[in-house]
Amino acid sequence: MDIDEKTIEGVIDTINRSEMEISKGIIGQKDVIRTVLMAVFSGGNILLEGVPGLGKTQLVKTLGEVLDLSFSRIQFTPDLMPSDVVGTSIIIKDERGDNRFEFQRGPIFSNLVLADEINRATPKTQSALLEAMQEHTVTSGRKTYILSEPFMVIATQNPIEMEGTYPLPEAQLDRFMFKLDVKFPTLGELMDIMDVTVTNRKVEIAKTVTGRDILYMRKVIRDVPIAKPVQEYALKLVLATHPDIEGSPDICKKYVRFGASPRGAQAIIASSKVKALMEGRYNVSFDDIKYMAYPSLRHRIFLNFDAVADGITADKVIDKLLDDVEEL
Amino acid sequence: MSSIDNQFIASIKAFKRRICASSIIKYAMLFSSYALAAGLLIYIVSIFLPIYGVYMKCGYLLVIFIVFGIAFGIYKSPGLKEVALKIDSIGLKERVVTAMELIGDEFSMAMLQKKDALEHLKNVGSKKIPLLPDKKYIMLCFILFVSLAATGFIKNPMGDIAKMRHNFQVEKDGQISSVEKIEKELKNSNALTTEDKREIEEKLAELKKEINESESIEEVKKALNRGQKKIELSKKKYDASKEDLQKAIDIFSKTNETEKVADAMEGSDAKASSKEIKKLSETLKNMDGSSKKRISKDFKDISSNLKSTDGLEESLNKAADDIDAEGSIREDDLDNLANSLESLVRRSNASDAVKKITDDYENMNGGEKGNGEQNQQESVGAPDGGSGKEGASGESGQNSKGQGASGSSGSDGEDMTPQGTDGNSISHKDGSEKKVGEYEKVYAPENLGGNGEQSYISGKPSGSGNVDVEKSDYDNADRGESIPYNKVYGEYKEEAMEDIGSSRIPNGMKEIVKGYFSSLEE
């Protein structure tokens, strides 16, 4: 792809402006905003996990505004049906008065889909998202519909109130590029939130980029070079998550049931490229890989009951992996 | 390659030089710590086992390991890719290694990346790469060095033993190298025949073997003494020829006609001697009767005084008879005489060569005795005044002149007093209170008279004929040479063993005599 230097610099500028604009609507959560943007520009779905009221939904809404993308929100509930997500065929009368089936598109037909509290829907409904998330298509009856690009799903889930929820199956989790932990804001951030939300102050959020720009930017970002040792390091990290592989750290052997899939490595490397550009670099570093390992791997490492019993989390496993796997 | 690529490689090379230097220093230091650790280990072992020169060994180890470390550092000098990674490790976020992989690529992102890397390289500068290794290496070296140095203040109980053993080994090596030097000189000698050389070489080889197998300085000395005796026996073979030659020279030089023959013989020129005797035969034809008679008489005089028996006596007698009977020497007799004279000169020359070897040997043995004494003192602590009266030159140069009166050993209480000549320790065998390293002195019958000038008396067993008497400068009352016991006991033993074979020693005493000599060698 022939891209001139100005375009590359424009891409970097756009990403940084987008981050700045989102930060106006979402107080704090800088890491989450950055990571969400990385997923957007590398083309991945995001699972946001956090207690209610941390601005998850607000983040996605702001993202939709800044990126000038069509946005739809689906509130997942136990009685939500797959057709409520993808759409359904209904009988309508045509001009001649004949009855015929016509496909009514569901909320999935947007660029940005917010699947709010995804774990409250039944697995059947959750799985309705699978095809859309991976293939960016929707099949209803005997017909497949292509979703408009860029398409991405941002799902949220609540780690508390697990009663009456349906944990996402491994296959579905693997379709999310990142799983982000939305942390409780600090005192300073809370103050800022209060200033924005309980006053009449209106925050103007500018659109920074269109859907078409995003698709172009994704192509540019893929050109960011990654040195072989760095790429090898990312792959060694992913391999090390597998307890049955020789050289895997003891913590994985003891606490991990299944390791990360190759999608984990793809997620790390693709998002590292965005991170490098965001930091004004034209190459991926070891630090990028390490930073992206957490959101990319934490939902792809499936822990066993020993880990739960011992209070071992996926992040602790990743910490150990980063300590144990040598860069060179 | 683009200009950016060239600039980039040039920048990398500056870093590479520094990284190589750093690598060399690191390995030199690492290997130094190995050497110091090994040194400490050697010191610890030296507490239990005698190891000589621990610190010297440590020094050698250190030097060797540092050299090896430098060589290893050079061998381990990083390639460009490793250099790139090393540079990245000082905060360049893998810019350099990525740019390295992009050399030759010219798409926009690659060019941007390389520019970025080059800019950062220039900003950082090669001096950011530390020359010295990690502090842990430096600390390790320092701690090991201090520990090793601290051992110098601790008394090592095995140190003295190690030193003594080392001195013994040095002594052995020194003796062996001296023997080898003699061997070399022997090989280069033209005066000796191949058989003679082989005989002496065998003795020297045997001596080297004995020295090698020796387990104490005493044993080395015994081996040296034995060797000296053997070589002196070889020398004796030639001494008679030398004496005969001298007699012939003396007689020939008295007459004008034979003076040239004497000169040739004195010049040790065998061929010239042979030629001159042939010329004499020619001159004889023109001589008057009295001259011929005188020459004939000289021939007979020489013949009657000869000690060696290799045909010269017969040749001289025949030549004298020819002159008496025919006035000239017959051709075949002349040839025999010329050959015999030539042979005499050669053997006399060989005598000189062997004498040089024995002198060398004696010097070596004498030096060893001096050293031996010193070693003995080192090994047994400070001896009292009973030892060490003789100098390092040993006793070989101590032969007294004059004529001895007594052939018996130990008859004179004064001369039997221990003199401490060479540090040998067999003196305790006699049960007296002699100190270690002392020997009794005894008279050596062979050396009675010492090295005084010798008189050659011509004459015939019949009692008739001329008798020449030459006065000796030395007093007859001189009691001869008193030499250490260990120098003569070998000969006594040899004779005693011969006597054991005969009936001179009663059967009941044979074992006692044998036991006595065996005990002396222990």
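Analyst: Happy to. Ile46(A) stands opposite Phe178(A) in S9(A). The model is predicted, with local features needing pLDDT of at least 70 and side-chain atom pairs counting only at pLDDT 80 or more, while totals for chains, interfaces and linings use all residues. Residues are numbered from 1 along each chain as its sequence is written, and chains are lettered from A and ligands numbered from 1 in the order in which they are written.

Strand S1 (residues 45–49) of chain A pairs with S9(A) in the parallel sense, over five bridges; pairing takes at least two DSSP bridges. Helices (H or I, at least four residues) and strands (E, at least two) are DSSP runs, numbered from the N terminus. S9(A) covers residues 176–181, and five of its six residues are buried, that is, with 20 or more other C-beta atoms within 10 Å of their own, C-beta atoms being placed from the backbone.

Now the helices. H1 (residues 5–25) and H3 (residues 56–67) of chain A pack at about 135 degrees, their axes 9 Å apart. Axes are lines fitted to C-alpha atoms over the stretch in contact, and angles run from 0 to 180 degrees between N-to-C directions. Among the residues making the contact are Ile22(A) of H1(A) and Leu63(A) of H3(A), where contact puts C-beta atoms, placed from the backbone, within 7 Å.

Methods
Buried ≥ 20, exposed ≤ 12 C-beta atoms within 10 Å, placed from the backbone. Contact = placed C-beta atoms within 7 Å.
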